[in-house]
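Take a look at the sequence and the 3D structure below.

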Amino acid sequence: MTIIITAFERSPDGGKGLARDTRVRWALEEAGEPYEVRLVSFRAMKEPAHLALHPFAQIPTYEEGDLALFETGAIVFHIAQRRAGLLPDDANARARAITWMFAALSTVEPPVLELATTRLLEGDKPWTRERLPLVEDRVRNRLDQLSSRLGNADWLDGAFSAGDLMMVSVLLRLRPSGILDEYANLAAYVAHGEARPAYERAFAAQLAINTGKPPAG
Ligand SMILES: N[C@@H](CCC(=O)N[C@@H](CS)C(=O)NCC(=O)O)C(=O)O
C-alpha cells in the first residue's frame, strides 16, 4: 500500500527542515518505507479535500490505503509500531521510548513554539521586549532539565528510538535562537540525530522541494 504524506508546496522556512513533514519523512526513512508526497498550498490546506484529512488545516498528513492520520506524534508512532528500528522490543524500554515521544511533544515543544511565535510573529509588538526574556527562560528551564537527564549519553534511553527522533526534531526548531548552543550536550545530541543517514535523506528530500533542485546522489 503506497504511503502518501502531505507537505508545504513552499515551506515558510525555505527548506531548513523545520516544517513537520521532515520528522515524518525521517521516521519513514528510518523504517525503510518508501513514500510519496503530495504538496499543498496554504489555500488548498483550507479546502474541504484537505480538511477531510486534517481537521486543523495543517500539514503533515499520512495516508495509507483507507487509513488517514494527522498529528506527527500519531503518525510517527504508527510507523514505529509497524517497523523495526524505531521502538525497542523490550516492553519496558518500548514504553519509555514512547514516554520520550510524549515528552518531546507535550513538555518540550510548547515553550519552544512559544519562543518561535514570540520572535517571528510578535516581534513588532510593543510588549515583546519585556516578554521575550520570560519566554526564553521557560525554554532554558526545560533545556536545563533535559540536559541534566541526557548527560553524556548519545540518546535519551539506550539505543536511538522514536523518542529521540521526536526530541531532536523539536530541539532543531531552537537553533535559529542560538539557545541550543548554550547546551553543549544538547547541541551534540541534535547534531548526532542530524548525522543519521535517514535524517540526511529526509532533509535532502524536503530541501529539494523548496529549492527545486533534486537531492544529490
Ligand atoms: N501538532 C501538529 C502541528 C502541525 C503544524 O503545526 N503544522 C504546521 C506546519 S509545521 C502547519 O501546517 N502550519 C500551518 C497552519 O497552521 O496554518 C503536529 O505535530 O502534526
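The text below turns to the rings, and then to the pocket.

Keep in mind that this is a predicted model. Begin with the aromatic rings. Two rings form a pair if their centres lie within 6.5 Å. By this rule, the count is seven aromatic pairs. Take W155 and F160 as one case. Their ring centres are 5.0 Å apart, and their planes stand at 70°, so this pair is edge-to-face. The cut-off for that label is an angle over 60 degrees. W155 is buried, and F160 is buried too.

Now widen the view. W155 and F160 belong to a cluster linked by ring pairs.

Next comes the largest pocket. Its volume is about 980 Å³. A total of 34 residues line this pocket. Which of them lie nearest its centre? They are L18, A19, R20, L113 and R173.

α2 (42-45), α4 (72-82) and α5 (91-120) each supply at least two residues of it. Which element gives the most to the lining of the largest pocket? That is α5, with nine residues.

Finally, sort the lining of the largest pocket by class. It has 18 nonpolar residues, seven polar ones and nine charged ones.

Terms used:
Residues are numbered from 1 along each chain as its sequence is written. This is a predicted model: local features need pLDDT of at least 70, side-chain atom pairs count only at pLDDT 80 or more; totals for chains, interfaces and linings use all residues. Side-chain values use heavy atoms; hydrogens and water are left out. Rings of Phe, Tyr and Trp (its six-membered ring) pair if their centres lie within 6.5 Å; planes under 30 degrees apart count as stacked, over 60 as edge-to-face and the rest as tilted. Buried means under 20% relative accessible area, exposed over 50%, partly exposed in between (1.4 Å probe, protein chains only). On a 1 Å grid over the protein atoms alone, a cavity is a set of points where a 1.4 Å probe fits but cannot get out, and a pocket is an open set with protein on both sides within 12 Å along at least five of seven lines; lining residues have an atom within 4 Å of a point. Grid points are joined across faces, edges and corners, and a volume is the space filled by probe spheres set on the points. Helices (H or I, at least four residues) and strands (E, at least two) are DSSP runs, numbered from the N terminus. Ala, Val, Leu, Ile, Met, Phe, Trp, Tyr, Cys and Pro count as nonpolar, Asp, Glu, Lys and Arg as charged, and the others, Gly among them, as polar.
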